[in-house]
Amino acid sequence: MVVKNFEQPFKIGKIEYTNDWPVYHHFDPSALSLPAEIHSDLPANLNRGLLEETLYLTPVSSFAYGTRSSDFWLLPDLSVSAKNAVGSILLFSRKPIAELGNGTIALTNTSATSINLLKIILNKRYHLTPEYISMDPSLDEMMEQADAALLIGDHAIAAAQKDTGYIVTDLGQEWKSWTGLSMTFAVWAVNKKFAATYPEFVTETGQQLVKSKQRSIADLNPVIQEAQQKMGGDHAYWKHYFQQLWYDFGETEQKGLALYFKYAYELELLDHEVHMELWTDNTLIRVNE
């Protein structure tokens with residue numbers, strides 16, 4: 001089935017957090033061959049938009065992609081990954097993570113990937129089975145009801161900059177220390193039916209996003225200045241933050257994400273094995289045949 005008559009301008013998703021700013025800083029949707037605009041939203045809403053087919057090309061949490069991976073292509077060379085610490089996916093606790101026992105953990109309600117990464121780490125690495133509760137991302141309120149709290153994105157960054165007195169565990173670093181692999185938190189996915197209808201647009205958009213990413217990485221100063229203006233903090237903090245992140249999606253990143261999906265399947269967080277499919281020039285040829 002080929003989908004026709006998409007509403008224009010096409011909405012290109014963008015995560016409403018700082019972690020994907022380098023990919024978009026130099027990206028101009030008005031320069032694309034078809035009318036397009038950026039749709040910025042929380043990860044959970046972008047995930048829902050892709051799954052409910054109100055968005056067709058967007059970054060989404062890796063776990064959301066995994067739930068229906070056969071329906072989507074992944075754009076090559078684009079991800080939000082971390083080789084070590086990620087800086088914005090943080091567990092706040094009164095005890096070290098290995099000593100949390102079977103207590104209660106409050107989860108942010110904004111990212112399935114981070115939630116399930118925590119469940120994988122606690123179960124597979126530490127053999128813990130705590131109770132989980134979902135709450136709005138307010139650290140004080142979360143810690144009133146739980147032994148630990150998971151925050152992601154700008155909420156995690158803001159909380160980490162305060163002297164809360166809690167132990168802060170970076171889940172990217174935990175994953176690296178345990179598996180030796182990088183962790184991919186978000187991928188750029190495109191609906192296969194949409195791609196079959198607009199293959200040139202998909203390729204063009206992916207290429208322009210990659211060019212924007214490369215330009216940002218070559219000179220992070222404009223991105224850092226934007227972060228300082230909107231979020232506060234000094235230059236050194238944001239330089240370190242953006243340099244911790246990794247925006248490629250090569251063999252190394254794919255290997256780490258494949259292991260994440262394997263563990264998610266083993267813990268029945270996913271009901272099927274995930275086989276990642278990347279959009280390439282060969283894909284373009286196939287959908288036109």
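Student: Why is Glu268 counted as exposed?

Tutor: In this predicted model, Glu268 has a relative accessibility of 71%. Exposed means over 50%, so Glu268 counts as exposed. Glu268 sits in the loop between H12 and helix H13 (281-288).

Student: What is said about the phi of Glu268?

Tutor: The phi of Glu268 is near 60°, a positive value in a residue other than glycine. Glu53 also is not a glycine and has a positive phi, about 60°.

Student: Why is Glu53 called partly exposed?

Tutor: Its relative accessible area is 27%. Buried needs under 20% and exposed needs over 50%, so Glu53, at 27%, falls in between and is partly exposed.

Student: Where does Glu53 lie, and which residues does Glu53 touch?

Tutor: Glu53 is in the loop between helix H2 (43-51) and strand S3 (57-61). Leaving out residues up to four places away in sequence, Glu53 touches Arg68, Asn191 and Lys193. Gln228 is 175 residues from Glu53 in sequence, and the two C-alpha atoms are 35 Å apart in space.

Student: What makes Tyr17 buried?

Tutor: Tyr17 has a relative accessible area of 4%. The cut-off for buried is under 20%, so Tyr17 is buried. Tyr17 belongs to the loop between strand S1 (10-15) and H1.

Student: Which residues of H11 are buried, and how do you know on which side of H11 they are?

Tutor: Helix H11 (residues 235-244) has Trp238, Tyr241, Phe242 and Gln244 buried. These four cover an arc of only 155° around the axis, and therefore they are on the same side of H11. Ala236 and Gln243, on the other side of H11, are exposed.

Student: What covers the buried residues of H11?

Tutor: The cover includes helix H1 (21-24), strand S4 (72-82), helix H6 (153-160), helix H10 (221-231) and strand S11 (245-246). In H6, the buried residues are Gly153, Asp154, Ala156, Ile157 and Ala159. Among the elements covering those are strand S5 (89-93), helix H5 (139-145), strand S8 (148-152), H10 and H11.

Student: Which residues touch the most other members of the largest nonpolar core?

Tutor: That core has 79 residues, and Tyr65, Leu91, Trp175, Phe242 and Tyr260 touch the most other members. Phe242 touches Thr18, Trp21, Pro22, Leu220, Val223, Ile224, Ala227 and Tyr247, if residues up to four places away in sequence are not counted. There is also a second, separate core of twelve residues, including Leu90, Leu139, Met142 and Ala149.

Student: How do you know whether H4 and H12 are roughly parallel or roughly perpendicular to each other?

Tutor: The axes of helix H4 (residues 112-125) and helix H12 (residues 251-266) cross at roughly 70° and come within 10 Å. Angles of 65 to 115 degrees count as roughly perpendicular, so H4 and H12 are roughly perpendicular to each other.

Student: Which residues meet where H4 and H12 are in contact?

Tutor: Ala112, Thr113, Asn116, Leu117, Ile120 and Lys124 in H4 meet Tyr260, Tyr263, Ala264 and Glu266 in H12. Sorted by class, this contact has six nonpolar, two polar and two charged residues.

Key
Residues numbered from 1 in each chain as written. Predicted model: local features only at pLDDT ≥ 70, side-chain atom pairs only at ≥ 80, totals over all residues. Heavy atoms only, no water. Axes fitted to C-alpha atoms, helices over the stretch in contact; angles between N-to-C directions. Helix = DSSP H or I, 4+ residues; strand = E, 2+ residues; numbered from the N terminus. Parallel < 35°, antiparallel > 145°, perpendicular 65-115°, else oblique. Contact = heavy atoms within 4.5 Å. Nonpolar A, V, L, I, M, F, W, Y, C, P; charged D, E, K, R; others polar. Core = buried A, V, L, I, M, F, W, Y, C linked by side-chain atoms within 4.5 Å. Buried < 20%, exposed > 50% of the residue type's maximum accessible area, 1.4 Å probe, protein only. Arc of directions from axis to C-beta.
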